[in-house]
Amino acid sequence: MTTTKWNLQFEYMPRPMVSAEAWVYSVKNGDQYWGTFVDEKIRYKTLFEPGSDLHEKLDEIIVPLDGRYWVKIGDWSRTLGPGEAGLIPKNTPHDSGTATNLVGTHFLVLLFDPSLNVLKASDAGGITLPEGCLSWLRGIFRFLRSSPNESGLHGLIQLAPFFKGISQNKKLSADESHADPIMMKLIKMLETPDTISLDELAEEAGISPTHLQKRFKLAIGFSPLQYANAWKLDRIAEQLLAGNTLPLIELATEYGFNDQKHFRELFQRRFGSTPSAYRKNPPPSAK
């Protein structure tokens, strides 16, 4: 398609209440709509949240950059991770949404005008991206965030021919990591300052502890202990931000962390600073 002028429109959409933000780029080639590209980042935990959708006139590609994103097309469903992409041709009913991510997620939603022939009906499903592709995509959208003007178009206009070229790659198999109602129930049990044992969870689910571990990790991406610890650490961080003056040893004990060294290690791994440093000087993204 040959025209005389490319045009880029840009919108930044902060959502501070949920510590999220999105950059939306809309591209035209002359007077012809070409595509819309959404670069969305959610900094804190996301719970599995599916929704149904249908783009009658747009080809859609979903690419997780960090974290996990769930896509269902007909009988096929898969929780995609970095290095994978979901291909959804125009007029294809589908369900999709962020998966459970304990430290947030970052993903791209790429929408193309069907006249570009990026996807065909037979392309629906998921594919593995070529080696180096993820770094390339990160670079394109990192540059756009810093320079949201027509100089950033050079990367965007390469997306259509690139994804058209790899859309015929071997499709990923389906997995069973879609919403599991029993595991969702167990999540609620774990969201408490009390310590819930694996045996208690297994009894509630009516399955063996070993099976529970495997099934929970398949549905959530983490073990029950990892999920419980992350939930507790998030609540402690919230209290520190709110000005809680309890000694750290008492605050940690309230949430079942009796080993203070282990608590500090877990907190620093999750938030990038010790609890005492976080209390004095929380990172800008947490404010």
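Me: How many helices and strands are there in the chain?

Reply: Helices (H or I, at least four residues) and strands (E, at least two) are DSSP runs, numbered from the N terminus. Here the chain has ten helices and eleven strands. This is a predicted model, where local features need pLDDT of at least 70 and side-chain atom pairs count only at pLDDT 80 or more, while totals for chains, interfaces and linings use all residues. Residues are numbered from 1 along each chain as its sequence is written, and side-chain values use heavy atoms, with hydrogens and water left out.

Me: What box do the C-alpha atoms fill, and what percentage of the residues is buried?

Reply: Along the principal axes, the box is roughly 65 × 45 × 30 Å. Buried means under 20% relative accessible area, exposed over 50%, and partly exposed in between (1.4 Å probe, protein chains only). Of the 287 residues in this chain, 47% are buried.

Me: Which strands pair with S3, and in what sense?

Reply: Two strands pair if DSSP finds at least two bridges between them. Strand S2 (residues 20-29) pairs with S3 in the antiparallel sense over ten bridges, and Val 27 stands opposite Gly 35 in S3. S2 and S3 form a hairpin with two residues between them. In its turn, Gly 30 has a positive phi of about 70 degrees. Strand S10 (residues 105-112) also runs antiparallel to S3, joined to it by eight bridges; there, Leu 111 is the bridge partner of Thr 36.

Me: Is strand S3 largely enclosed or left open?

Reply: Eight of the eleven residues of S3 (residues 32-42) are buried, so this strand is largely enclosed by the rest of the structure.

Me: Where are the edges of the open sheet of four strands?

Reply: Read the strand order and look at its ends. The order is S4-S9-S6-S7, with antiparallel pairing. Strand S4 (51-53) and strand S7 (76-80) are at the edges with a single partner strand each, so one side of each has no neighbour in the sheet. From one strand to the next, the twist averages 20 degrees. Within this sheet, S6 (residues 69-73) and S9 (residues 94-98) pair over four bridges, and Asp 95 in S9 is the bridge partner of Lys 72.

Me: His 94 is in strand S9. Is His 94 buried or exposed, and what does its side chain touch?

Reply: With 4% relative accessibility, His 94 counts as buried. A polar contact is a pair of N or O atoms within 3.5 Å; within protein, one must be able to donate a hydrogen and the other to accept it, and residues adjacent in sequence count only if both atoms are side-chain atoms. The side chains of His 94 and Glu 60 make such a contact at 3.2 Å. A polar atom of the His 94 side chain also lies 2.8 Å from the backbone oxygen of Thr 92.

Me: How do the axes of helices H4 and H6 cross?

Reply: Axes are lines fitted to C-alpha atoms, for helices over the stretch in contact, and angles run from 0 to 180 degrees between N-to-C directions. Angles under 35 degrees count as roughly parallel, over 145 as roughly antiparallel, 65 to 115 as roughly perpendicular and the rest as oblique. The axes of H4 (residues 181-190) and H6 (residues 209-220) come within 10 Å and cross at roughly 95 degrees. The two helices are therefore roughly perpendicular.

Me: Which residues of H4 and H6 meet?

Reply: Contact means heavy atoms within 4.5 Å. Among them, Leu 186 and Ile 187 are on the H4 side, with Leu 212 and Phe 216 on the H6 side.
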